[in-house]
Amino acid sequence: MTASRGIAVLGATGSIGRSTLDVIARHPERYRVEALSAHSRPGELAELCAAHGARLAVISDSGQAQTLRDALQSLNCPAEVAAGPEALLDLVAMETVDTVMAAIVGAAGLGPTLRAAELGKRVLLANKEAMVIAGPLFHRVVAQSGAEIIPVDSEHNALFQALPADFARRGLAASGVRRLILTASGGPFLDTDADALAGVTPEQACNHPNWDMGKKISVDSATLMNKGLEVIEARWLFDAAPDMIDVVIHPQSIVHSMVSYADGSVLAQMGLPDMRTPIAHALAWPERIDSGVASLDLPTIGTLDFHPPDLNRFPCLALAFDAMRAGGSAAATLNAANEIAVQAFLDGHIPFMAIPGLVEDTLEAAAWNHATSLEEIMRADAEARTRARAAVQGKDKVNV
Ligand code: NAD
Ligand code: MG
């Protein structure tokens, strides 16, 4: 076994962050928690630092730094405190950190995740939005730094497990890969008819049948935008041509994704729907460690169903395919508009079915470009947010 690895968890207070700390705590001889970050909730961050022995606590909302210091002191935790989004860049650069769990939600995670890749760290990628908006940049950076990006998103981790070890060097086609098949549970509204979808509440949207997740990804799962983002994520993670990627609805969430090969073989990765499995896989790869997840008992589950997605009731999936094919800044625009729309829905400002319309209108209004630099991507992101916010407020300030 290798020497103990120093871990930083970005987004430690979230669903993925906490599952990561749960797995790490099972293997104190393998992993040291060096640094933890959160955007807010300083009390929770302090408790996690105390429980896991972190040496650095970063709160990206700088206004809460003093509350964090006080909370750490009351727990007798000696962790140092840093604050603000720039402190996340220093956190991933710590010499004692060799593995970074990227588990911030949304485009806010791009900066530190990209920096970790630039520094040649092992990046455990949960923050799909970072890859969606900046896939080509990650390619360039990884080629220079030699960073390892191990997918944590369950579908991509499944594909990673079902692909040959040297797929990145040889390419998918030369590895005999025909198609990447992403499974989707279909979310809480899989069987809800179109009329009823108009009136669903944030609480219903966040009540996922199989997975316990943060609010943003839960709404994305309900609109199927999550699967759309994952299609784009797969395109960049595996350097897959856009027309190689399929989506199939699989309500039980047992098969996490599949690789279809030229000889007719289809390799699937299966397991109970618990993110600790892909997290443990990514942490230990190429070894295997206990994740705390029970083994799969297929006779108990009995039946596995698969059917095609309904793009009429779930237009977000089609919009994401369109943005992927358009390339350039389209994915950044799609993602930014979606982040604004989801938050507006969670805050009660727009109905559920307004989410796809808002994303589509923002995509149509956006100035398309080839966006090869971080600055261009962030400009497309900012423009899309301005337009989408204006649309939420009902007055298009952009065009006056
Ligand atoms: P979450 O909402 O539970 O947690 C998000 C974390 O990010 C929190 O620690 C929060 O403090 C931090 N954060 C939020 N806004 C921030 C900002 N502006 N700057 C810095 N930090 C910020 O989210 P989650 O469900 O854990 O998801 C995290 C990421 O992992 C998302 O990109 C999601 O798509 C992806 N993911 C999650 C799951 C899951 O099961 N939860 C599965 C696959 C992929
Ligand atoms: Mg997923």
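Trp 285 is partly exposed, at a relative accessible area of 27%. On this scale, buried means under 20% relative accessible area, exposed means over 50%, and partly exposed is in between, with a 1.4 Å probe and protein chains only. The model is predicted: local features need pLDDT of at least 70, side-chain atom pairs count only at pLDDT 80 or more, and totals for chains, interfaces and linings use all residues. Residues are numbered from 1 along each chain as its sequence is written, chains are lettered from A and ligands numbered from 1 in the order in which they are written, and side-chain values use heavy atoms, with hydrogens and water left out.

Trp 285 sits in the loop between H13 and H14. Helices (H or I, at least four residues) and strands (E, at least two) are DSSP runs numbered from the N terminus. The peptide bond that joins Trp 285 to Pro 286 is cis, its omega being near 10°. Pro 286 belongs to the loop between helix H13 (276-284) and helix H14 (298-301). Along the chain, Trp 285 is 124 residues from Gln 161, while in space their C-alpha atoms are 9.9 Å apart.

## Surroundings of ligand 1

Ligand 1 is surrounded by 22 residues, of which the closest are Thr 13, Ser 15, His 39, Glu 129 and Gly 214. A residue is counted here if one of its heavy atoms lies within 4 Å of the ligand. By class, this shell comprises eleven nonpolar, eight polar and three charged residues. In that classification, Ala, Val, Leu, Ile, Met, Phe, Trp, Tyr, Cys and Pro are nonpolar, Asp, Glu, Lys and Arg are charged, and the others, Gly among them, are polar. Domain 1 (5-151) and domain 2 (152-314) each supply at least three residues to the shell around ligand 1, with bounds taken from an automatic or database domain assignment.

Backbone atoms approach the oxygen atoms of ligand 1 at several positions. A backbone N or O atom of Ser 15 lies 2.9 Å from an oxygen atom of ligand 1, and for a backbone N or O atom of His 39 the distance to a ligand 1 oxygen is 2.9 Å. For Ala 126, a backbone N or O atom is found 3.4 Å from an oxygen atom of ligand 1. Of the 830 Å² of accessible area that ligand 1 has on its own, the protein covers 87%; accessible areas come from the Shrake-Rupley method with a 1.4 Å probe, and for residues only the protein chains shown count as cover. Helix H1 (15-25) and helix H6 (128-145) are the elements that give two or more residues to the shell around ligand 1.

Asp 153 counts as buried because its relative accessibility is 7%. Glu 155 also counts as buried, at 7% relative accessibility.

## Positive phi angles

Asp 239 is not a glycine, yet its phi is positive, at about 50°. This residue, Asp 239, is placed in the loop between helix H12 (225-237) and strand S9 (245-249). Its relative accessibility of 52% is the reason why Asp 239 counts as exposed.

Ser 253, likewise a residue other than glycine, has a positive phi near 50°. Ser 253 is in the loop between S9 and strand S10 (255-261). With a relative accessible area of 6%, Ser 253 is buried.

## Buried positions in strands and helices

Arg 122 is part of strand S6 (residues 122-125) and counts as buried at 4% relative accessibility. The side chain of Arg 122 comes to 3.3 Å from the backbone oxygen of Leu 283. This is a polar contact, defined as a pair of N or O atoms within 3.5 Å; within protein, one must be able to donate a hydrogen and the other to accept it, and residues adjacent in sequence count only if both atoms are side-chain atoms.

Ala 102 lies in strand S5 (residues 99-102) and is buried, with a relative accessible area of 0%. In helix H11 (residues 215-223) is Ala 222, which is buried with a relative accessible area of 0%. The C-alpha atoms of Ala 222 and Ala 268 are 24 Å apart, and the two residues are 46 residues apart along the chain.
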